[in-house]
Amino acid sequence: MQVLSGLLPLAVCCVVIAATPIRQEGTSGTALDDGIKAIDFYLKGNTDLKCGWERGTFMLGLIELYKASKSQHLLDYAMNWGNHYEWKLCNFDTRVGGALSAMDPPGIENANNQLCGATYIELYKLDGASNKTMIAATMAEFDSEISDPKTTSYWSWVDALFMAMNPYARLGGVTGEQKYFDKMFANFNASCLEGPVPDKTYAFWSDEYHLFYRDDRFLKSTTFWGRGNGWAMGALVAALQNSPASDPHTDVLYRLAVVVTCFSCCEG
């Protein structure tokens, strides 16, 4: 893997863009006020308490908005959501796709069902990190995966990086246990950097185009999914934000994040 291939011109591009001033026109109030209005509007029309990847993504945004605004009703909603599911991971059947994937990971082993665990961990920290019930189910599942080598090949589509690396990285951060970072990188490596080997590795990362493929059906093509690369970038950010400086894997993750960011800036 040549992660640094073509990095210099891309880095120059990023420096130029970063130096470009951003104007805000026609805004009213603050971004936080607008964010709260938007989320309140959404919640009024969506009173169901789902726990899949869509709502899991939404909940991470809600938590960040709470941290910035300290709006108590947002925290209350999130705590009610966690209590509703008894702090357990989702357990839905969900299709993920990919030619080499012999089967979709079942139930709580499926990354789409694990993202809710990231919000549970955030709430656990906000609650003083004293109620282990809030992270017990997430920890139990990830400990089980660590002990089972076959789970290293479970991330057979690029979305899985975001869905699983968010809770894995947070669990490693809140417990201080390196095993969660090691497992996270092992799965990431099998999905993105090694392979392809049938039912084992997928080689999503393209050294040539500096982007991630959606899954192994598109390898060596010029077909890339914009949202999928957004998922991958979000996964890299979560991993870097929660990993300790001593984690030996952060250098590779950081360089990939820089390359994707710079290439996206330059190429659109």
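**Exercise 1.** Work out whether Phe185 is buried or exposed.

*Solution.* Start with the location: Phe185 sits in helix H8, residues 178-193. Next, take its relative accessibility, which is 15%. Buried means under 20% relative accessible area, exposed means over 50%, and partly exposed is in between, with a 1.4 Å probe and protein chains only. Phe185 therefore counts as buried. Now look at who touches it: leaving aside neighbours within four places in sequence, Phe185 is in contact (heavy atoms within 4.5 Å) with Leu193, His249, Val252 and Leu253. Val252 is 67 residues away along the chain, and its C-alpha atom is 9.8 Å from that of Phe185.

A quick note on the model: it is predicted, so local features need pLDDT of at least 70 and side-chain atom pairs pLDDT 80 or more, while totals for chains, interfaces and linings use all residues. Residues are numbered from 1 along each chain as its sequence is written, and side-chain values use heavy atoms, without hydrogens and water.

**Exercise 2.** Say which residues make the contact between H3 and H7.

*Solution.* First, the helices: H3 covers residues 53-69 and H7 covers residues 159-175. On the H3 side, pick out Trp53, Thr57 and Leu60. On the H7 side, it's Phe162, Met163, Asn166 and Arg170.

Methods. Axes fitted to C-alpha atoms, helices over the stretch in contact; angles between N-to-C directions. Helix = DSSP H or I, 4+ residues; strand = E, 2+ residues; numbered from the N terminus.
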